[in-house]
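Q: I would like to go through this structure with you, one region at a time. Could we begin with the strands and then turn to a helix and a loop?

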Amino acid sequence: MRIVKVQLADRKADIYDTDVTGAVSTANNYWQAMSTGANGPRIRMKLGTPENWTSKATSKQSYTDMMNTISAELGWPASPNPWTALVVFVSTPTLSDGAYGAGWSYNGTSGRVIMPLPGPGQMSSSVLTHEFGHVLGLMHANALQCGSGAQDVSTTMNGTFADTSCSIQEYKDTLDLMGASQASQPVISSPMWEFGGFGRGDEVLNAGTVGGRKSYTLKPWAGTEANRAVRFTDPVSGEVYYLELRLPVGYDTAVAVNGNRGVKVVQALDAGSLALQPDSRGFLGYYGANQAWQAGQVFTTHAGTSVSIDWISSTGAGVTIESVAGVAARAIAPVASENTSLGEATSGVLCGLRDGGCYQAFQGGTVHWAPGVGAFATTGLIHYAWGVVGYENGKLGYPVTNEICGLTGGGCYQGFQNGTIHWAPGGGAYATWGGTRSLWGKLGYENGKLGYPTSNESCGLVDGGCYQSFQGGDIHYAPGIGAYATWGGIRAAWAKLGYENGKLGYPVTNEICGLVNGGCYQGFQNGTIHYAPGIGAYATWGGIRALWGKLGYEGGKLGYPVTNEICGLTGGGCYQGFQNGTIHYAPGIGAYATWGGIRATWGKLGYEKGKLGYPVTNEICGLVNGGCYQGFQNGTIHYAPGIGAYATWGGIRATWGKLGYENGKLGYPVTNEICGLVNGGCYQGFQNGTIHYAPGIGAYATSGPIRAAWGDLGYENGRLGYPVANQACGADGSCSQGFQFGSIKWSANQGTVVTP
């Protein structure tokens with residue numbers, strides 16, 4: 001061994017021989033103890049006098065570059081002779097990356113070590129001993145950390161942990177020199193012991209592949225007895241595990257105390273190790289206080305082999321290793337004896353199932369067992385139904401209860417990891433899981449409206465949806481929407497419209513009741529279905545639904561729908577009937593409602609096929625004397641209390657408009673347009689007069705004394721013919737009106753005068 005004290009180019013400090021030789025002596029003593037075999041220690045360090053060297057290396061370099069610079073200056077070969085080492089102490093108290101030291105190995109028999117300036121608080125002796133472990137080819141002692149608290153974890157085909165909450169925490173094995181350096185130097189773990197070929201070779205008992213159940217006695221790992229640790233192979237996974245007893249003996253005296261006094265479970269990790277601790281959820285800092293398994297605790301491999309810590313004394317410990325088949329057999333036996341419907345066994349205990357599970361077949365069913373789950377029997381139709389969905393490999397996973405009966409109608413159910421199977425006489429056995437099961441539970445399971453399931457979940461619907469049938473209805477599920485139930489009249493109406501493939505799409509609510517007159521509704525992606533007693537269930541969507549909503553839904557004037565949307569009308573229009581009216585929709589026009597007297601008049605005129613066409617407004621009220629009107633493509637209908645509803649259109653409507661509609665002299669219409677007059681003429685009656693129309697003449701109003709005089713002459717059939725102008729009045733109060741063949745003038749003094 002060549003020991004060199006190096007002064008860096010940019011930093012000088014005193015490096016004392018006593019500090020250097022003390023650290024090297026500690027490392028020498030430790031590795032002699034670890035390597036002592038039948039013929040004495042295999043490793044002895046020849047401690048020469050430390051050399052002094054002034055280097056061009058600087059404290060700002062990484063410790064790797066620093067060591068390479070110094071090695072080259074000292075002429076240390078890239079391929080050194082076996083069993084040689086270069087140990088360098090440099091004149092800086094810190095190395096890059098916060099390292100306490102660094103070691104490099106060449107073929108596990110030679111290497112280099114760099115150490116910072118030794119001194120108080122530097123743990124130079126422990127760190128140097130650790131770094132010599134690297135020279136001898138060893139890597140770090142690590143620990144498994146799992147957010148789930150898993151004791152052990154399997155790996156996937158791509159080498160990652162099956163439990164994604166698990167990771168390897170470097171240095172986190174406190175009970176190993178090759179973990180984080182500390183004041184003491186605990187014994188290296190048995191996997192590293194075997195990897196490095198330390199000791200006599202008889203320290204670890206190889207128990208081989210576990211079969212059945214067998215007990216072993218462990219002796220202190222820091223002691224010297226043969227077979228003081230045990231190595232076994234899991235029969236399912238093929239992984240190798242080591243069991244060591246850590247007691248406050250020898251090099252373990254300082255660390256194997258309290259929660260670190262007990263049995264250590266560890267695996268090889270290449271040239272390092274991986275400790276499997278009682279609590280894998282991790283700890284703060286570098287040093288754990290509860291890393292050993294205590295008496296009464298049970299470690300279980302991820303494949304199901306169990307290690308029971310039977311007892312721990314001041315000189316030894318007893319452990320029992322049992323194969324997964326043995327563990328399963330002991331769990332299965334009492335379940336089988338209690339369940340007489342199983343009958344005689346038809347197989348032994350068979351293992352290798354998902355998640356380390358096992359099962360035993362019987363005449364009437366099976367008993368399945370899995371680590372962390374337990375053993376439960378499945379029989380009869382529930383067993384058959386479980387098989388249909390893939391047994392433990394399917395969505396349900398393993399059973400977690402036995403069959404439980406006494407449900408409504410004589411039914412039974414059994415719980416599984418991810419759901420249940422329910423059975424009812426005459427109905428068969430079916431599974432529920434996931435969102436569908438959750439909703440069914442909210443609705444009261446078999447005691448609710450849906451009753452028992454009558455099918456398993458069926459998928460492959462539009463947009464990745466699924467459904468499941470029950471006695472009283474269905475539950476549909478779609479990604480991004482969730483699971484909702486349909487039943488009764490609403491379900492029947494949805495079915496007529498094509499279920500999820502129709503205009504409404506999937507349900508987005510369950511049925512919601514408490515509406516006016518005992519009604520209920522259910523929301524769907526593109527509309528709703530409303531139901532009311534004595535009316536039935538009908539859907540609304542699109543523009544018609546939007547308008548119905550503006551009018552107050554079922555609480556508004558229209559009430560509940562009494563038909564679904566009916567299309568095929570003039571111009572591509574549609575309509576929907578409601579208790580108290582209709583809503584009509586046409587492309588380019590929109591949706592508008594009609595009701596009451598206005599709707600009746602529109603109907604008499606032929607609805608959208610008549611002269612008025614489609615409505616273009618809803619009913620608008622607030623007119624004179626409590627009147628209302630509604631606009632249509634080709635006119636309007638006005639309504640007033642005590643008068644009724646009448647339509648106006650064309651030339652007559654234009655003239656009425658010029659005269660101020662219902663606010664003018666004429667007031668409201670009291671008839672619809674009446675045609676068949678002389679020369680193709682028409683007229684319409686208003687409260688205070690009429691408007692007559694004739695082709696080639698136009699539409700003009702008559703009222704008051706002039707109208708009375710014209711009437712006395714026979715209206716349009718008399719000698720004056722049709723009016724050709726509206727009445728014109730002067731400042732003196734006199735009025736006149738022209739007709740085809742004359743005129744009529746009226747004044748307060750003269751009365752009416754007809755010319756000619």
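Q: How many bridges join strand S8 to S9, and in which sense do the two run?
A: In this predicted model, strand S8 (residues 141–146) is joined to S9 by four bridges, and the two run antiparallel. Within this pairing, Leu-144 stands opposite Ile-168 in S9.

Q: What is the strand order of the sheet of seven strands?
A: The order is S9-S8-S15-S14-S13-S12-S10, in an open sheet with mixed pairing. Strand S9 (166–169) and strand S10 (204–209) are the edge strands, each of which pairs on one side only. From one strand to the next, the twist averages 30°.

Q: Changing topic: which residues of helix H12 are buried?
A: In helix H12 (residues 704–712), the buried residues are Ile-706, Arg-707, Ala-709, Trp-710 and Gly-711.

Q: What do they pack against?
A: The buried residues of H12 pack against strand S45 (689–694), strand S46 (698–702), strand S48 (735–739), strand S49 (742–747) and strand S50 (751–755). Just after H12, Gly-714 takes a positive phi of about 100°.

Q: Where does Gly-721 lie?
A: Gly-721 lies in the loop between H12 and strand S47 (728–729).

Q: Is Gly-721 buried or exposed, and why?
A: Gly-721 counts as buried because its relative accessibility is 2%, and the cut-off for buried is under 20%.

Q: Which residues is Gly-721 in contact with, leaving aside its neighbours within four places in sequence?
A: Gly-721 is in contact with Trp-710, Tyr-715, Glu-716, Phe-739, Gln-740 and Phe-741. Trp-710 is one of the buried residues of H12.

Q: How far apart are Gly-721 and Cys-459?
A: They are 262 residues apart in sequence and 79 Å apart in space, C-alpha to C-alpha.

Methods: Residues numbered from 1 in each chain as written. Predicted model: local features only at pLDDT ≥ 70, side-chain atom pairs only at ≥ 80, totals over all residues. Heavy atoms only, no water. Buried < 20%, exposed > 50% of the residue type's maximum accessible area, 1.4 Å probe, protein only. Contact = heavy atoms within 4.5 Å. Pairing = 2+ DSSP bridges. Axes fitted to C-alpha atoms, helices over the stretch in contact; angles between N-to-C directions.
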